[in-house]
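Have a look at it first, then read on.

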Amino acid sequence: MYFNNEKERTLALRDALLAKGLHAQAEVDATEQGFESWTPDNGAAVVARAWCDPDFRERLLSNTLAAANEVVQPVPFGDWDAVALENTHKVHNVLVCTLCSCTIKSLIGQPPVWYKSLAYRARLVREPRAVLREFGLELDRDVEIKVWDITAETGYMVIPQRPSGTEAWSERELASIVTKKCLIGVAQPDVHSVVRDERRATSLSEVQHA
Ligand SMILES: [Fe+2]
C-alpha cells in the first residue's frame, strides 16, 4: 500500500493497531497530552528559580533532575540523566545532537526544525562561533564556546546568564524571557520580551500616566 505523506501513513498505522486491539485510544490520548505538557516554559521556570535562589542553583548544578522536579513536577526524563550547564562571562554553552535531534523535551520542548537540520548538527561542532553569529548571537572573542553533544544517556539544558537590569523582576517575569533558543544556547534572554506581571503592569502604566 502506498501513502501520499507521513500523516496518511501514521493514521493508517494507528487504525491498524486499534483494529487489532493493540493500542488503546486512551494511551494515544495520554501520550499526546504528555507531549503537550513538555514545553520550554518548564525549563524557563527552572532557570528563573536558579537566578533567584542561590541554594536552588547549587542543587540544579549538582543534581539537575532532582532540582528540576522541585519546580516542575513531574519531569519525565525516561532513562536519561540531565545536566544543567551554566553560562558565565567566560564560557558559553550550546547544545546539539549530532546523531539525530534529541533534547530534554520535558524541559526544552520539541526540537525546532533548524535543530534537526543536518547543517546545524554538522556545522555547530566545526564552527560554533559562526553558527551562533547567524542566530544573531555575537560573542566576544575571549568567551569560550563549549558545544555539548547529547547522547543516549545524557541530556543537557543551558542556564543562560541573567541579564543586568532585571534585579527587581519577579520569578515569573524572569521566566518569560527564557526561550527555547536560550535553553539550547543559540540565544540570550531579551529583556524587551518580558511579559510583565499584571500588578506591575498596572503600577507601571499608573506611573507613566501620572
Ligand atoms: Fe538525538
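How many bridges join β2 to strand β3? Six, and the two strands run parallel.

## Before you start

This is a predicted model, where local features need pLDDT of at least 70, side-chain atom pairs count only at pLDDT 80 or more, and totals for chains, interfaces and linings use all residues. Residues are numbered from 1 along each chain as its sequence is written.

## The overall picture

The chain has twelve helices and four strands; these are DSSP runs numbered from the N terminus, with helices being H or I of at least four residues and strands E of at least two. Its C-alpha atoms fill a box of roughly 65 × 45 × 35 Å along the principal axes.

Of the 210 residues, 28% are buried, where buried takes 20 or more other C-beta atoms within 10 Å of the residue's own, with C-beta atoms placed from the backbone. Take contacts between residues at least 6 apart in sequence: 68% of them join residues at least 24 apart. A contact here needs C-beta atoms, placed from the backbone, within 7 Å.

## The paired strands

Back to β2 (residues 91–96): five of its six residues are buried, so the strand is largely enclosed by the rest of the structure. Its partner β3 covers residues 144–149, and within β3 the bridge partner of L95 is W148. For strands to count as paired, DSSP has to find at least two bridges between them.

Helix α4 (residues 54–62) and helix α5 (residues 64–71) have axes that come within 5 Å and cross at roughly 135°. The axes are lines fitted to C-alpha atoms over the stretch in contact, with angles from 0 to 180 degrees between N-to-C directions. On the α4 side the contact uses F56, R59 and L60, while α5 brings T64, A67 and A68.

Which residues of α5 are buried? They are T64, A67, A68 and V71. Down the helix axis they fall within an arc of 100°, so they line one face of α5; the arc is that of directions from the axis to the C-beta atoms. Their cover includes α3 (40–52), α4, β1 (81–86) and α6 (105–108).

## A look at L107

L107 sits in helix α6 and counts as buried because it has 30 C-beta neighbours inside 10 Å. Beyond neighbours within four places in sequence, its contacts are N42, G43, V46, A68, V75, M157 and L183.

Note on methods: Two residues are in contact if their C-beta atoms, placed from the backbone, lie within 7 Å. A residue is buried if 20 or more other C-beta atoms lie within 10 Å of its own, exposed if 12 or fewer, and partly exposed in between; C-beta atoms are placed from the backbone.
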